[in-house]
Amino acid sequence: MADARRFDIVIVGAGPAGLTAALYAGRNMEHAVLLESKAPGGQLLNTELIEDYPGVKSILGVDLAQVMMDQATGFGTELVSAEVEQILVHDDGLKTVRTSVGDIVAPAVILTAGGNPRKLEVPGEVELAGRGVSYCAVCDGAFFRDAELAVVGGGDAAVEEGIFLTRYASKVTIIHRREHFRAQGLLVDEARHNPKIEFLLDNVVDSIDGDDLVKSVSVRNVQTGEKGTVDVGGVFIFVGFLPNTGLVDVHIDHDEAGYYLTHPMTMMTSVPGIFAAGDVRSQLTRQISTAVGDATTATIAAAKWVEEWKRGRIEGDADLVEDVVEDRE
Ligand SMILES: Cc1cc2nc3c(=O)[nH]c(=O)nc-3n(C[C@H](O)[C@H](O)[C@H](O)COP(=O)(O)OP(=O)(O)OC[C@H]3O[C@@H](n4cnc5c(N)ncnc54)[C@H](O)[C@@H]3O)c2cc1C
């Protein structure tokens, strides 16, 4: 640990959650560092237009990333371009964050490493992303009023989002590679009774087709081999989301899908001094606004944690929550 740089708070990942954490840390004059392995912005950089971030009527993902980045670093939080490789938790509460540019030591770590929608990995998917291919119904559904859409997947997300998309679309075809759904029966029932939804079961998507915009998907029946085409204006893919977890060397409580469980009042995980915000956290929805809200809470709680840890007064979540409540009284 001799050559390691020391901070009070290390923020891992500069998407909307990490940039918000950096903003709050900087403005509150915490000694914090923000680590990012790619360009700052996270999933915003893969998003065309954002119309549901309060206070901004309509903005390109890259532009929002730039504004968030300028604002975050403007208050003094250092941004370091580095890949976090591992986080070691020591008995005294300190953490060593191993990165591609060396070790950093701090008592508090905020995990904001986000995640990525799982890809279908078919021709056309990458080329037409943001041009009819989407991974987020809440974000992009409104761009497809009266269009015919395809939804790919068979879990809760696919069926739920398929139902959601019927608010806008004239027809939604749910394409699933099996005959039976993994999604809850009630959801599947609701979809079956929705006059705008059709099912294409036992079918896989071989390619997503179109020149500048999505025009159709090519499908294949896995039982018979029969090929077909479904004409659609958009394809929503829900075949899973991969949270960027697994960096920490000790167990952190998580849900069945691997997302970190956090205390609702502090965003602290089951490991004292490790907080999680944004898409790595177990929650109902994954949006920019939720990531930003989580990170605000996490940063304020992390600062409090550090203060108390320095006084040697804190051990776990219960102590921190008690402290936060006392402060509000
Ligand atoms: C196509 C698409 C469109 C969307 N549209 C909208 C929309 O219109 N409105 C909306 O509210 N939401 C939208 N979302 C969802 C929204 O983008 C996410 O909820 C939000 O970006 C989550 O923010 P985050 O900071 O938690 O994670 P991310 O944005 O995923 O950022 C995580 C960051 O951590 C970095 N990182 C990961 N691992 C490491 C490591 N080991 N070391 C260093 N850095 C690391 C990553 O490079 C990344 O920059 C969309 C998502 C997608 C994919």
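Predicted model: local features only at pLDDT ≥ 70, side-chain atom pairs only at ≥ 80, totals over all residues.

Reader: How many residues surround the ligand, and which are the closest?

Author: The shell around the ligand holds 38 residues. By class, 17 are nonpolar, 15 polar and six charged. The closest are Gly-13, Gly-15, Gly-42, Gly-114 and Gly-278.

Reader: From which domains does the shell around the ligand draw at least three residues each?

Author: The domain assignment of the chain gives domain 1 (5-116 + 241-328) and domain 2 (133-237). Their centres, taken over C-alpha atoms, are separated by 34 Å. The shell around the ligand draws at least three residues from each of domain 1 and domain 2.

Reader: Which residues touch the most other members of the largest nonpolar core?

Author: That core has 56 residues. Helix H6 (residues 288-310) gives the largest share, eleven residues. Apart from this core lies another, of 35 residues, with Leu-128, Tyr-135, Ala-150 and Val-205 among them. In the largest core, the residues that touch the most other members are Ile-9, Val-10, Ile-11, Ile-110 and Phe-275.

Reader: Which residues does Ile-110 touch, not counting those up to four places away in sequence?

Author: Ile-110 is one of the residues with the most contacts to other core members. Its partners include Ile-9, Ile-11, Val-12 and Ala-21.

Reader: Is Val-12 buried or exposed?

Author: Val-12 sits in strand E2. Beyond four places in sequence, Val-12 touches Leu-35, Val-84, Val-109, Ile-110, Leu-111, Thr-112, Ala-113 and Leu-247. The cut-off for burial is 20 or more other C-beta atoms within 10 Å. Val-12 has 30 C-beta neighbours inside 10 Å, so Val-12 counts as buried.

Reader: What is the bridge partner of Ile-9 in E3?

Author: Strand E2 (residues 9-12) and E3 pair in the parallel sense over four bridges. Five of the five residues of E3 are buried. One face carries Ala-32, Leu-34 and Glu-36, and the other carries Val-33 and Leu-35. The bridge partner of Ile-9 in E3 is Ala-32.

Reader: Why is helix H4 largely enclosed by the rest of the structure, and which elements are included in its cover?

Author: Helix H4 (residues 156-165) has ten residues, and seven of them are buried, so H4 is largely enclosed. The buried ones are Ala-157, Ala-158, Val-159, Glu-161, Gly-162, Ile-163 and Leu-165. Their cover includes helix H3 (137-140), strand E13 (148-152), strand E14 (171-175), helix H5 (185-192), strand E15 (197-200) and strand E19 (234-237).

Reader: In the hairpin of E16 and E17, which residue takes a positive phi near 155°?

Author: Strand E16 (residues 203-209) and strand E17 (residues 216-221) pair in the antiparallel sense over six bridges. Ser-207 stands opposite Ser-218 in E17. Six residues lie between the strands of the hairpin, and the one with that phi is Gly-210.

Reader: What is the phi of Glu-121?

Author: Most residues other than glycine have a negative phi. Glu-121 lies in the loop between E11 and strand E12 (133-134). Glu-121 counts as exposed, because it has 8 C-beta neighbours inside 10 Å. Its phi is positive, near 65°.

Reader: Is Asp-146 buried or exposed?

Author: Asp-146 lies in the loop between H3 and E13. Asp-146 has a positive phi of about 65° although it is not a glycine. With 9 C-beta neighbours inside 10 Å, Asp-146 counts as exposed.

Note on methods. Residues numbered from 1 in each chain as written. Core = buried A, V, L, I, M, F, W, Y, C linked by C-beta atoms within 7 Å. Buried ≥ 20, exposed ≤ 12 C-beta atoms within 10 Å, placed from the backbone. Helix = DSSP H or I, 4+ residues; strand = E, 2+ residues; numbered from the N terminus. Contact = placed C-beta atoms within 7 Å. Near = placed C-beta within 6 Å. Nonpolar A, V, L, I, M, F, W, Y, C, P; charged D, E, K, R; others polar. Domains from an automatic or database assignment. Pairing = 2+ DSSP bridges.
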